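Student: Hi! I have a new model open and would like a friendly walk through it. Can we start with the overall picture?
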Amino acid sequence: MNKIIKMADPIAEKLAEWAAENSCETIFDRAARMKPCPIGMEGACCRMCHMGPCRLVGRNEEKLKGICGADIDVVVARNFLRMVSGGTAAHSDHARDLVFTLLSVARGETKDFQIRDKRKLLSVAMAMGINHPVIAELLSDNRATEGDYDPAPWEVARVTEKEILEIAELVALKHLEQFGQQTGELIYLKRAPKGTYDRWEKYNLKPRGVDREITEAMHRTTMGVDQDVNSLMEHVLRVGLVDGWGGCLVASDISDILFGIAEPVRSKGNLAVLKDNEVNIIIHGHEPALANVIVDIHTDPEIVAYAKSKGAQGINLAGMCCTANEILVRRGVPSAGSFLEQELAIMTGIVDAMVVDVQCIQPAVIDASKRFHTKVVTTSYKAHLTGAVHIEFDEHEARDVAVRVVKLAIDNYANRTGKGMSISDLGSDLKAAAPENAVVGFSREYFSYMQGGTFRRSFRPLNDAIMAGRVRGTAGVAACHHPGTVGASMQRYLIQELVKNDFFVVVAGCAGHAAVQMGYATPETAFIHSGPGMREVCEATGMPPVMHIGACVDTARVLMIRTLMATTGGLSPEMSGMPSIAFAPEWWSEKALAIGTYFVASGSTVIFGGESPVKASKQVTDIIENKWQNTVGAAFFFEPDPEKMLQKGIEWVDMRREQLGLPKYQPGRFKKERKLMDMADRRAIDKAKAHIGI
Amino acid sequence: MSKLIASAAIRGSHHIYNKTYRMLLETIRDKGEDYVFEFPDTAYYLPMIYAITGRAARTLKDMKDVLDENKGLLHEAPSEHLWKPYLGECLDAGMLTLFAEEIYMALRYIQGLEPAVDPETGYVYNGFITDTIQRYLGIQLVDGTMPGFVAVIGAAPDDDTAVRIIRELQEKNILIFLSSHVNGNSVTKQLMRKGIELGWDTRIVPVGPDTEHTIYPLNWSIRASTIFGGYKGGDFKRNLKYTKDRVFAFALVLGELDDMKWANGAGAINMGYPAICDTDVPVIHPTGVTIYEEVDKEFDHSKIVQKAIEVRGLKIIVEKPPIPVAYGPAFEGERIRKEDTFIEFGGQRTPAFELVRTRELNEVEDGKVLIVGDNWQELYEKGGQMPLGIVIDVAGRKMQKDFESIIERKIHHNTNEGQGIWHMGQRDVNWVRISNAAKQAGFTLEHIGLIHTTMTRKRFHAIVDKAQVTIYTNEADVLRIRQEARTAYNERDQRLGSLTDESVETFYSCLLCQSFAPSHVCVISPERLGLCGAYNWLDGKAAYELDPTGGNQPIQKGESLDTKYGRYSGVDEYLKKASGGAVETLNLYTIMENPMTSCGCFECIVAIIPEANGVMVVQRGHTGMTPIGMKFSTLAGTVGGGAQTPGFMGIGVNFINSKKFLTGDGGIKRIAWMTKSLKERVGDLFKQRALEAGVPDLLDKIADETICEDSEKLLEYLSSIGHPVLEMDPII
C-alpha cells in the first residue's frame with residue numbers, strides 16, 4: 001500500500017506516524033475529513049448579508065445572480081477584497097503594537113526593551129525625513145546615500161543617547177499617525193522607485209491611511225455599496241499597498257530597531273531541537289516582543305538555577321511558525337518547525353510550555369495539550385484561547401511577564417508523564433539531524449553589505465550578475481505550509497528547481513522552515529545543487545543559495561531589495577521591470593493574499609499555488625492576470641500544478657530579461673560586455689548608461 | 001575558492017591591526033598622545049582615513065581613535081563548514097588594513113624609518129607620495145599620456161622577466177609603483193640589478209620594500225577624488241565610486257601571496273582595483289565591486305600585462321614610429337648622461353634648430369625623410385657632435401599657419417619618447433642626444449625623421465594630411481636655414497602678441513579634466529591660458545580642429561557684459577551648460593567675484609591677503625609657509641574640484657605676465673608676495689608689464705619667502721619699501 005507522507009522532515013513524519021498509531025488527532029486527519037467547500041473555494045459564496053447566503057453556481061452565467069442582483073464578478077471581487085483586508089488588518093495591527101513598544105522605549109516607560117539598532121533607527125528616520133537636526137545633518141549633501149540611507153558606523157557613534165530617544169519618539173509618533181491618517185498618502189510610499197510610485201499616482205492607488213483603507217474596504221463590501229468590479233479591484237490594490245508599505249515594512253523596520261537587524265547566524269531547525277533533560281519552551285505565533293524578552297532572560301543565572309532546582313538541566317527555547325523566524329534570524333534561536341508542526345511538537349511529550357501570541361495558532365493545540373502535560377500560554381489581550389493559561393503581555397512590564405511564563409514552564413517540567421514520542425525514541429540517524437544545519441538571517445542591510453562590505457555595500461554585484469546571466473533572476477518563496485500538500489513538497493520542489501536554475505532565492509515565513517529543513521540554507525548547498533552561475537556568485541560571497549529573510553511580515557524586505565535593485569541601475573528603473581518572480585505555493589492564510597497583493601501592486605508578479613479564490617469570475621481573473629499588468633505592471637496568478645508554476649515563473653523572468661535587452665539565460669555562459677575605456681569615454685562617464693557596469 | 005582569500009585577508013587585517021596598535025601605544029608612551037604628525041606635503045592628513053571616514057587625524061590620539069572606532073571591521077575568518085558569508089567581511093578587513101597601514105607608516109615616519117632605505121645598496125625608496133605629484137601629473141592623467149597605474153607587488157621569477165614586464169608597462173604608458181617582496185627578492189631589486197633607471201622620470205616608482213608600503217600608491221590615488229573630484233572627506237561612497245570609475249589602477253602580483261598581500265588586495269578591491277596574479281590563486285570573476293573581475297590569474301608573463309589591462313577595462317592606444325628602440329611617454333623623463341652619450345646635436349655645442357613649415361599639398365611627399373649633408377652617415381657613425389637642422393613640412397586642407405607652433409612644440413615629446421633619445425629646449429636652442437645603447441640598437445639619423453613624420457601625422461591627423469622631414473647636417477646649411485627659421489619664429493611671436501581677448505570672437509573651453517574633475521570647465525582666451533599651463537588659446541583651436549567633438553570646444557564669446565571684470569554673455573551661457581549648472585557666470589579678470597574654477601592641477605594659486613590689500617602667488621611644489629598661513633597643499637585643497645571660491649584661484653604661470661592678469665582688481669600691482677622661483681620665472685616680460693603699469697621696480701617690491709612668510713612681516717616690508725598696493729582702492 002502506498003503510504004501518504006504528511007511531513008517531508010523525517011522527524012516530523014515520525015511524530016505524525018506516532019500520532020496516527022496512538023489515536024492522537026492532528027491537522028492531517030481533520031484535513032482528510034474536511035474537504036474544502038467547492039463554492040466558497042472559488043469565491044462564489046456570498047455571505048455579505050442574511051438574505052442568502054447566496055451560492056452563485058450554475059451553467060447559465062447570465063442568471064448567476066444573488067438575491068440582491070449582485071453578479072458573480074461582484075461577489076468574487078468583494079470576497080477577495082475582504083480576504084485581503086483581513087490579512088492587512090493582521091499585519092498592520094502587528095506593526096501598530098510594535099510602534100507602541102518603540103514609543104514606550106523612547107519615552108523611558110519601559111526598561112525591558114532598548115533601541116538595539118541605532119543605525120536602523122537613523123536610517124528609517126532618514127527615509128521618513130524626520131524633522132530633527134541629526135537627521136537633517138545626515139541628509140545633507142556631505143555624503144551620498146544612494147537610496148539606502150544607511151549612516152556610517154562613526155556617524156552612528158556620534159549621535160547621543162538623548163538624540164536617539166528623541167528621534168525614536170518622532171519616528172514612533174509619525175508611524176502612529178499613519179494608522180489614523182485620513183488624507184494624503186502613506187509616508188513610506190515615497191521609498192519606492194519613482195517609476196513605481198508614478199504608477200500609483202497615475203492610477204489613483206495611493207492609500208491615505210492604514211485604518212481608513214481597511215475600514216473603507218469593509219464598508220465598500222457590505223451589502224449595497226461598491227458594486228462595480230473594477231472599482232472593487234482597484235481598492236484591492238490600495239489595501240494591498242497598505243499591507244506592504246503601511247504594515248509589513250513598518251513591522252519589519254521597527255523590529256529591526258528594537259531587536260537588531262538580521263545578520264547571518266548559524267542555527268538549526270526541526271523538532272530534534274527539543275531536549276529531553278531541559279525545560280522546553282516553544283514560542284509560537286508572530287510577534288517578536290515577548291519572544292525577545294524570553295530569549296533575553298532564559299539564560300539569566302537565577303532562572304537557570306530555578307530550573308535546576310526543579311530537576312532540569314537547563315532551559316531550551318525553540319521557536320515555531322513566524323515567531324520562530326523572528327528569533328531565528330535575529331537571535332539564532334533554533335526553530336522547532338512550521339505552522340504544521342504545532343501539534344506534533346506537543347506530542348513529543350517534552351514540551352513544558354507553548355507560549356503563543358497572535359496569528360496561526362491552531363485551537364487544536366489545546367486538545368493536543370490535554371493528552372500531555374504541556375501548558376499552552378496565551379499572552380495577547382486580543383487572542384484568547386479556551387483552555388489555555390492566560391498571562392497577558394504588557395510592554396511596560398515585559399520582563400516580569402516573561403519571568404512568569406518561563407517559571408510556569410519550569411514548574412511544569414516535573415509534570416511530564418512520559419507519554420509521547422520523546423526525542424530519545426528517535427533513531428540515531430534522525431538525532432544526528434540535530435546539529436546546526438542552516439545559515440539564516442538576511443536583511444536588506446546585510447544583502448547590501450554582503451555584496452561589498454561597509455564601504456562598497458550596494459546591489460551592483462547582484463544586478464551585474466543578472467545582467468551577465470550568472471543569475472537568471474531573483475525569486476522569493478514564501479507564505480504558509482498547507483496541510484493538504486504532501487510534506488511541503490511544493491515548497492521543496494520550487495526551492496530545489498529555482499536553485500538549479502540559477503535563481504537568487506529568498507525565503508520567508510513557513511517556506512523558510514521548509515528551506516532549513518530540506519538543508520538548502522547552507523553555503524555548501526551551492527556546490528552540490530546550484531547552477532553554474534549561482535555557484536560562482538555563492539563562492540565569491542560565501543552566501544547560501546537560499547537565503548532566509550525572516551517571518552512572513554519580513555517578506556516586505558523584498559520591497560526594499562527590489563527598490564535598491566532599481567535605483568542601482570542597469571536593470572529596470574521600477575520594480576515591475578525586474579526579472580523577478582515570487583511564489584506562495586502552499587498559501588492558505590488571508591495574510592498571504594494580502595502579501596501577494598502588495599507584491600503585485602508594487603510591480604512584482606506572484607504565482608500562488610492551489611485553487612484560485614477568484615476562479616468563479618472570469619472578469620476578476622482577467623483583471624488580476626492581465627489588466628493589472630497594464631496598470632501596476634504585474635500579475636497575480638493562481639496555479640495548482642507545481643511544475644506549471646515553475647514554468648510560468650521562469651517564462652515570466654525570461655520575458656523580463658528579454659524586455660531589458662539582457663542576454664538569453666544559458667547555464668554556464670556569462671556575457672559581460674567589456675568596454676575598454678579611453679579618455680573620451682571617461683569624460684562621458686556621468687552620461688554613460690549604467691549597463692557598462694558603472 | 002574565494003573563502004581562502006577571505007580567510008587570508010581577515011587574518012592579515014588582524015595581524016597589521018595588532019602590530020600597529022602595539023607600535024602606536026609605544027609611540028604614545030615616548031611622545032605623548034598630543035604629538036602631531038603630518039605626512040610630507042599633503043593637505044589630507046592621513047589621506048585614506050580622511051577620504052573614507054572624514055577624520056582629520058593629526059595627533060597620535062587621533063590615530064588611536066581611528067583604530068578604536070574601526071575595530072568593528074575586524075571579523076572572524078570563515079569557518080570550515082557551514083560558513084557565514086565572507087565577502088563583505090573580507091572587504092572590511094581590507095579597508096581596515098589600509099587604515100592600519102597608513103598609521104603604521106606614519107609611526108615609521110615619526111621614528112625616522114621612512115622613506116625606507118635598502119640596507120645593501122643604500123637605495124632610498126620614494127615613501128609617501130605628495131599632493132604635488134598628483135597635481136603635477138594632472139594633465140598627463142587626463143590627456144591619455146598616463147592612462148593608468150599599476151602596483152607591482154612581489155618579485156618576478158627572474159630578473160629578465162621583471163625587466164620585460166616593466167618595459168611592456170612603460171610602453172603602454174602605465175605609471176608603475178613597486179612594493180613588497182617574495183622572500184626578500186623584489187622587482188625593485190631585480191630592476192636595480194639590471195641597471196634600469198628608477199624614479200618619477202621613468203615612471204617606475206619603488207615606494208618601499210614591504211607589502212605594507214602598498215598603502216602609498218593607494219592613499220595617493222584616493223586623493224584624486226578629493227583633489228580633482230572635489231568630494232569631501234567622509235563621503236566614502238563617492239570617493240570609492242570615483243576611484244572605481246575614474247582611477248584606472250590595478251595590481252600585478254608576482255610570486256606567492258601571503259596574508260598581508262591578500263589583505264592589501266582586499267583593500268584595493270574596495271577602491272575598484274583588481275589584482276592579477278601569476279600564481280595559481282583562487283579567482284573571483286563575478287563583477288560589481290570592481291567593474292570586471294576582482295581577482296584573476298595569468299601564468300604566461302608575456303600575456304599578463306595585456307590581461308591586467310583588459311581586466312581593469314583600460315583602453316590604451318600606443319602610437320609608435322617604426323624605430324628600433326622602445327617608445328612612449330614613460331621614456332620621456334629618462335636622462336642620458338655625458339658618458340652614455342653616443343652623439344649630440346645643438347645645446348650650444350653645434351648649431352641646431354627645428355622648424356615646422358606649412359606647404360601646399362603638392363609640395364609635400366608624405367612620409368619622406370630627406371637627409372642633406374656631406375658624408376652624414378660616416379660622421380654619424382663616428383659619434384661625438386654634429387650640427388642639426390630639422391625641418392618638418394606639413395600640408396593639409398585644414399592646416400593653418402597658427403598651428404605650426406603647436407606642431408613644433410611636439411617635436412620635444414616626439415623625440416624624447418624614444419628610449420635612449422633625449423631632447424631639450426626648442427626652436428634654435430634645442431639640444432638632442434642619442435645614447436650608446438640606442439645606437440647599438442640600430443638607431444640612425446633617419447629614424448629621427450621617421451619619428452617626426454609618423455608622430456606628426458598621428459598626433460595631428462585631422463589637420464596634417466602629409467608630413468615630410470628634411471634633416472640638415474652641414475653647418476653652412478644649418479646656419480642658413482636657421483635664419484629663415486628665426487624670421488618665422490618672429491612672425492609667429494608678433495602674431496601671438498597681437499592676439500587679444502578683444503580681437504577674437506571665439507574662446508575655447510577645455511574639458512579634458514572632466515575625466516577626473518567632472519564639473520570643472522576651463523575657459524581659455526588668447527590672454528588667459530589654461531590653469532594647468534599646458535593649453536593656450538591656439539592649442540584649444542588646434543585641438544578643436546583635430547577632434548570637433550573632443551575636450552576643447554569653441555565658445556562664441558558673445559556680448560561683453562562687463563569690460564572691467566571680463567564677463568561675456570556667450571561664456572556664461574556655455575558654462576551653465578557644460579558645468580551641469582554648477583557654475584552660472586564667470587569673470588575672467590578678477591579674483592573677487594565669480595572667478596574661474598579649478599580642477600586641481602593648476603600651476604599656481606593666487607590668493608588674497610586682506611591685510612595687505614593685495615594678492616600672493618605660490619606655485620605647486622613650494623613646500624614652505626605663505627603669508628596667509630597656509631601651505632600650498634592646504635590652499636590647494638580649498639580651490640579644486642570645480643568650485644568658485646572668491647579670493648582664491650588656480651592659474652597657469654604665464655597668466656601672471658598677461659595684460660589681463662586681474663585687471664578688474666588693479667592688475668599686477670596687486671601682487672604683494674610671490675615665491676622667489678616664480679619671480680625668477682616671470683622675469684623680463686614681467687618687468688615690461690611693470691613698466692607699462694608705471695612701477696618699473698615692481699618685481700623688487702614684491703616680497704618673497706626670503707623676506708617673510710607671515711602677514712605681519714609682509715605689511716612691515718610693504719610699507720618700508722613703498723609697495724603701490726597699499727595706495728590702491730580696497731580689494732574687498
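Student: How many helices and strands does chain B have?

Tutor: Chain B has 24 helices and 23 strands. Helices (H or I, at least four residues) and strands (E, at least two) are DSSP runs, numbered from the N terminus. The radius of gyration of chain B is 27 Å, close to the 27 Å that the globule rule gives for 732 residues, so chain B is as compact as a globular protein of that length. That radius is taken over C-alpha atoms, and the globule rule is 2.2 Å times the number of residues to the power 0.38.

Student: Before we go on, what should I know about the model and the numbering?

Tutor: This is a predicted model: local features need pLDDT of at least 70 and side-chain atom pairs count only at pLDDT 80 or more, while totals for chains, interfaces and linings use all residues. Residues are numbered from 1 along each chain as its sequence is written, and chains are lettered from A and ligands numbered from 1 in the order in which they are written.

Student: Thanks. What does chain B span along its principal axes, and what percentage of its residues is buried?

Tutor: The C-alpha trace spans about 80 × 70 × 45 Å. Of the 732 residues in chain B, 56% are buried. A residue is buried if 20 or more other C-beta atoms lie within 10 Å of its own, exposed if 12 or fewer, and partly exposed in between, with C-beta atoms placed from the backbone.

Student: How is chain B divided into domains?

Tutor: Chain B has domain 1 (2-110), domain 2 (131-312), domain 3 (329-485) and domain 4 (506-727), with bounds from an automatic or database domain assignment. The centres of domain 3 and domain 4 of chain B, taken over C-alpha atoms, are 35 Å apart. Eight residues of domain 3 of chain B are in contact with seven residues of domain 4 of chain B, where contact means C-beta atoms, placed from the backbone, within 7 Å.

Student: Which classes of residue are on the domain 3 side?

Tutor: The side of domain 3 of chain B that touches domain 4 of chain B has five nonpolar, one polar and two charged residues. Here Ala, Val, Leu, Ile, Met, Phe, Trp, Tyr, Cys and Pro count as nonpolar, Asp, Glu, Lys and Arg as charged, and the others, Gly among them, as polar.

Student: Let's zoom in. Where does B:V364 lie?

Tutor: B:V364 is in the loop between β8 (352-358) and β9 (369-372) of chain B. With 21 C-beta neighbours inside 10 Å, B:V364 counts as buried. Not counting residues up to four places away in sequence, B:V364 touches B:R359, B:D393, B:V394, B:A395, B:K466 and B:Q468. B:V364 and B:V394 are 30 residues apart in sequence, with 6.9 Å from C-alpha to C-alpha.

Student: And β8 of chain B, why is it called largely enclosed?

Tutor: Six of the seven residues of β8(B) are buried, so the rest of the structure largely encloses this strand. Seven bridges join β8(B) to strand β11 (residues 388-395) of chain B, and the two run parallel; strands pair if DSSP finds at least two bridges between them. In β11(B), B:I392 is the bridge partner of B:V356.

Student: Switching to the two chains, how many residues are in contact between them?

Tutor: 53 residues of chain B are in contact with 50 residues of chain A. On the side of chain B that touches chain A, α11(B) gives the largest share, six residues. By class, that side has 24 nonpolar, 16 polar and 13 charged residues.

Student: What about a sheet in chain A?

Tutor: Chain A has an open sheet of six strands in the order β6-β5-β4-β7-β8-β9, with parallel pairing. β6 (335-337) and β9 (389-390) of chain A stand at the edges, each with a single partner strand, so one side of each is left without a neighbour in the sheet. Strands β7 (residues 351-356) and β8 (residues 375-378) of chain A pair over four bridges, and A:M354 stands opposite A:V376 in β8(A).

Student: Last one: is A:E643 buried or exposed?

Tutor: A:E643 is exposed, with 11 other C-beta atoms within 10 Å. A:E643 is found in helix α29 (residues 642-659) of chain A.
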